[in-house]
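Take a look at the model below. This report walks through some of its parts, one at a time.

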Amino acid sequence: MSASMETTGIQPGEITAFLTDSTLCIGCKACEVACKEWNELEQDGLTLSGFSYDNTMALGHSTWRHVKFVEGTPEPGLGGNAPQQLSWEFSSDVCKHCEVAGCLEACPTGALVRTEFGGVYLQPDICNGCAYCVVSCPFGVVQKNEEDGRAFKCTFCTDRQKDQLQPACAKACPTESIKFGRLDDLRAHARERLETLHARGMHDAQIYDPTDTSVKGIHSMFLIRGEPETYNLPPRPEVPTVYLKEGWRSAAIQGITLIAGVALSFLAARAKRNEVQA
Amino acid sequence: MAEQHPVGFQWVVEARERGGKIIHVDPRFTRTSAMADIWAPLRPGSDIVFLGALIHYVLENDRYFHEYVVKYTNAPTILRKDFKDTEEGAGYFSGWNEKKGLYDPTTWLYEDEPVKKSHHHPGHHPAEGGHAKDRGGEAGNAHIYETDPTLQHPRCVFQVLKRHYARYTPEMVEQQCGMPQSVFLEIAKTMVDASGPDKTAAICYAVGWTQHSTGAQIIRAAAILQLLLGNIGRPGGGILALRGHASIQGSTDIPTLYDILPGYLPMPFFEDDSTKLEKYIKKHSTEAGLWSKFDHYFISLMKAWYGDSASEENEWGFQWLPRVTGDHSELGYWLDMEDGKMEGLFVMGQNPAVGAPNGRLQRKAMAKLKWLVVRDLVEIETASFWKDSPEVERGELKPKDIATEVFLMPAAGQAEKSGSFTNTQRLLQWHNKAVDPPGDARSETWFIYHLGCLLKKKAAAHREKTRNLPLNALTWHYPMQKPGSDEPDAEAVLAEINGFQWKGHSLLKSYEELKNDGSTACGCWIYTGVMPEKGKNKANMREPKDQLGHGWGFAWPKDIRIIYNRASARPDGAPWSEEKKLVWWDSEKREWTGLDVSDFKQTLPPDHKAQPEKKGLEALDGDKPFGLHPDGRGWLFVSSGLKDGPLPAHFEPLESVMANAVYPVQNNPPAKKHERKDNPYAASPSDPRFPYVLTTYRLTEHHTAGGMSRGLGHLAELQPELFAEISPELAEKIGVRSCEWVTIVTPRSLISAKALVTPRIRPLQIGGQTIDQVGLPYHWGWKGMATGDVTNDLLAISEDPNVRIMSTKALVCNLLPGRRADHKAALKQLKKLLKETA
Amino acid sequence: MLKDLLMRWPVIRQIQNGSNGNGEESWSERTRTLKPKTAGAEVTRSICPYCGVGCGQLIFHKDGKLVSIEGDPASPISRGHLCPKGANTHQLHTHPGRLAKVKYRRPHGTEWEEIELDKAMEMIADRVWDSRERTFQEKQDDWNVMHTKAIAHLGGATLDNEENYLIKKLFGAGLGMVCISNQARI
């Protein structure tokens, strides 16, 4: 590795996070492209949405970063040259890597795991495409690729993190709107930044990090202006499996009769994957 | 800037975070506007009204940087008695020749400045340069002049400037630009408050300013403003061109252009002054300043090109250089191509079928060539015009009738070859080859080198012909990258560009070592020092050691990061302030020192008195920072070198919805419209067929004419289709919603796009009138993954008089709901629409 | 065999070792040994080919094949960042639309034909030579002109300085072409 490669210095066991500061985002979509380049994701649609400059529209199995465009409408009647009435906000969405992750709780095959950096990782070699995770994600992040048969989402560039490299999106981001680092550091940074923004008169700025719901906080935090709904962020996300306190142990016991069936599907999926990966 | 140069924009965002103010002036609310403190929309093409009013504000409110202006600019210089400003000439400067459509700039000279007469061959129209150096190396004799340091003399530049901009008032801005006075005044105040001894303000611009019939003058207006505010040659100041291609700066420094030679030396023109080397050198040399060594730069270039065949006896090969006899720029020769006057064309890394104005004419013209060579990474529209262009679809061209032979050559990408790019800040950066190009793809270096070898072989078979002398003389020995390879070593080419002693071939460290006796060879004098010794390629240096980035790449000239940086110090040599110190005089060591390489003779003290007999920089006072000018001053007023006047003046775009309210002359007088049947114009002002203002632009998701983005899935999906941005008001007026088809019409063509209705495009309220705007990005064509109509089909071929750039930012159009007709019916529809009032 | 397979199944492992089943015990062999694709690759320093900002790039390649192209954190211009175009430089080089053979269209032809590179070079040299011979003007009214206006060149802003230099040298100083132009204006 060249000496010019900057390393994160973050060791396994330390919890990492994204902080996406939308007050610095310029809507260039470098994060979307850097993500697709690194993860070798296909283009997934060539239709004009008509919705501002957002032709990506949503996260999905082949889109793991998505820049949202929020156009502020001028007050009607002012017309003409009233530029002060305009605004254009951008924010790059991504998997939240929840503290309590709905997808991970729902996964019957153990394809979804917690990594040594605290991220939620979907193991493509384990996933059997049951898509329980898809419906269990409170943010609508995970999507099944019907052609491939498996579900996909942001990997948190776990492969890069293992080599102390920052995720591709954060590295590319021209204005450092996407920050990557230790969760605690970024939480502290977010609080400081919020104070700065408030002091500058941006009283509508807030940190999006739902620690007071069953999600118990996220590892992809956001600094936004205005209400979370504006950016399609649920104000109170809840984990669907929150009532299954025992997690998979109880699920496994309750579902004992299903074991044989699941095992078969697991083995079958594994065989298929071996072909794909060869 | 956020739209086109996101990574450069990180520094703007950082400045904002540290308390800097960002002002964005653009007709559209863009991703840049979203980050700005002030967004000020203005009517496309009204830029000089806006900038002129800022100049007026600075002068009227006495907010200029007094000492800087008196000492470092030509504000105190006295002009000739017979100079007439546009105020006196009803929109014309003195010297206008209606019959020729040209200015005679003699009366624009400084008082007492000797006239250098150019002689043209009788009976021949003089070659009209794009590069207007027809008075010699910028301005041959401008070192002789009178000044009034009190700035009170009625004919001093300062007073002329005051009178010229007197009518550029905030009221005029409101009426002509559609910018409220309050917004204008806020901008003016912010700008002047951010300038002074301990502060600086920068202006960034791109082709939104240049692609106008007054393009060069818009930039000049910005230069005047920045000189008045003392923002040139100082850290955090300047006028920064944001350029759209990796080496567009390099391609003018080492020009693939018709009117200049490397290092901004003029090509010899068809004129008496170019009949003898002596005359040519006399014309282009100055007495004072850096151009006094013009012969050193030029003869060293001839030596690099013609080697041992270049000698004093044969004027170093000067007679072998081709002469410029007219407008040989792209737009000029493309019209010749359409008129059947051309045989062959090479296109390398450009896509005129999509990227050039009046696309229909562009494509049809290529059908009149005998042969066409296109080199690119992909099959671009230019290569396949004969097969699948709109003209083929519409029956205007039939493949079987087209005799053009086409060679589409696969080119190497930057990861597959080594070489240097010069970025927008004059920085040469080397890119190293990582892998081989695929299949038969090759670098341009490979292609030109091997083509040259084949052609030299042909020339060698006919040595007796005069025309073959230059080709036979041409030095063409380059080592290969490695043994067994047929790829020439790009570093060997860079070494030739850098320059070397002819005997012994040792490399040169500075252009100051160049000689006029044939003992040195140099391919581009301003690049000398990029390879000061064998094996040391400074463009490939990657160890930045300070804030200015010294140690990373090489900034021409001499690795100076901020040009004219003598101006960062006071006349006595001390920094203007601690905050803004850059280069200063060290009185103990008796030399200039500081954070940057000094753009001034290292040992010339600030109190040096001009010694005219010595020529060069010593012929200037020690407090004159602008060494490329023979008076060493920054030019508020340009006495020679421009085709359309010594001061920027507002003229309406060639097609406009408004009459010029500033002068009784509608358009920039010497601008070229090239109006003809296949390049028609709307009536101006106010053609009832075309009620809307049309402006074109780019998006960050694509690259220019699309060859490097439309075929790539990750980019194509981000902006998959051509769209027309219109305001909700205009959408309602014509009855369309977002994603519904609209048709845009100009006198040249009609295209369809999907409507993108957005409040970011605003109707402008101007003089009680509502002016609607239509915005069109231009990246699409009919090939690649993301396809769409060619926006540039709507544009006219036109040329500004100084650099021959087309107008793309301010036009007029009509907008209709629905999609245009296909096939032959499209032409019928156009014909019909051109007869109707909108 | 069956036991081995079953033991890999997370649910079984959870039951056996009592963990919550989402952690390391559920990592597959692939996850356990995951590495960035750039690991072990050679790194070559480069500059972005798109706009005039000139961002630094690092090209990762293995066995003559491109693996990834990323920003160069050491660049004082870009600090490792790239825009959407720059971030897509790997696809620019590797996408299926890249040309690898010379395509030739004969006069009045309706389709492309593939020809060999050497043959194309000879043919182009012949065309240039013939056009130059037909149209070269040495003098006009006793003054040297030494040019041909019938052959033109377009392009250069996307090319290297060294390439532009050779183009201007061969086409201008060697062949006497004056119609030389590119995207730039000065």
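How many of the 9 residues of helix H19 (residues 490-498) of chain B are buried? The count is 8, and the helix is mostly covered.

## Ground rules

This is a predicted model: local features need pLDDT of at least 70, side-chain atom pairs count only at pLDDT 80 or more, and totals for chains, interfaces and linings use all residues. Residues are numbered from 1 along each chain as its sequence is written, while chains are lettered from A and ligands numbered from 1 in the order in which they are written.

## Helix H19 of chain B

Buried has a cut-off: 20 or more other C-beta atoms lie within 10 Å of the residue's own, against 12 or fewer for exposed and in between for partly exposed, with C-beta atoms placed from the backbone. The buried residues of H19(B) are Ala490(B), Glu491(B), Val493(B), Leu494(B), Ala495(B), Glu496(B), Ile497(B) and Asn498(B). Helices (H or I, at least four residues) and strands (E, at least two) are DSSP runs, numbered from the N terminus.

What do these buried residues pack against? In chain B, they pack against H11, strand S12 (419-422), H17 and strand S14 (500-501). Helix H6 (161-174) of chain C joins the list. After H19(B) comes Gly499(B), with a positive phi near 105°.

## Where chains B and C meet

Contact means that the C-beta atoms of two residues, placed from the backbone, lie within 7 Å. Chain B gives 127 residues to its contact with chain C, and chain C gives 102. On the chain B side, H17(B) supplies the largest share, 10 residues. By class, that side has 64 nonpolar, 46 polar and 17 charged residues. Here Ala, Val, Leu, Ile, Met, Phe, Trp, Tyr, Cys and Pro count as nonpolar, Asp, Glu, Lys and Arg as charged, and the others, Gly among them, as polar.

Now take one helix pair. The axes of H17 (residues 444-460) of chain B and H5 (residues 117-135) of chain C come within 10 Å and cross at roughly 55°. Therefore H17(B) is oblique to H5(C). Angles under 35 degrees count as roughly parallel, over 145 as roughly antiparallel, 65 to 115 as roughly perpendicular and the rest as oblique. From H17(B), residues including His450(B), Leu451(B) and Lys458(B) meet residues of H5(C), among them Met121(C), Glu122(C) and Trp129(C). By class, this contact has 8 nonpolar, 1 polar and 2 charged residues.

## A loop residue

Ser309(B) sits in the loop between helix H11 (294-306) and helix H12 (330-338) of chain B. Is Ser309(B) buried or partly exposed? Ser309(B) is partly exposed, because 18 other C-beta atoms lie within 10 Å. Ser309(B) touches Gly317(B) and Ala473(B), not counting residues up to four places away in sequence. Ser309(B) and Leu469(B) are 160 residues apart along the chain, yet their C-alpha atoms are separated by 9.3 Å.

## Chain C in outline

Chain C has 6 helices and 8 strands. Along the sequence, the pattern is α-α-α-β-β-β-α-β-β-α-β-β-α-β. Of its 186 residues, 59% count as buried.

## Confidence in chain B

The pLDDT is the predictor's confidence in each residue, from 0 to 100. Chain B averages 94, and 97% of the residues score at least 70. Over residues 129-138 of chain B, the pLDDT is below 50. Where pLDDT is low, the predicted coordinates should not be read in detail.

Definitions and conventions:
Axes fitted to C-alpha atoms, helices over the stretch in contact; angles between N-to-C directions.
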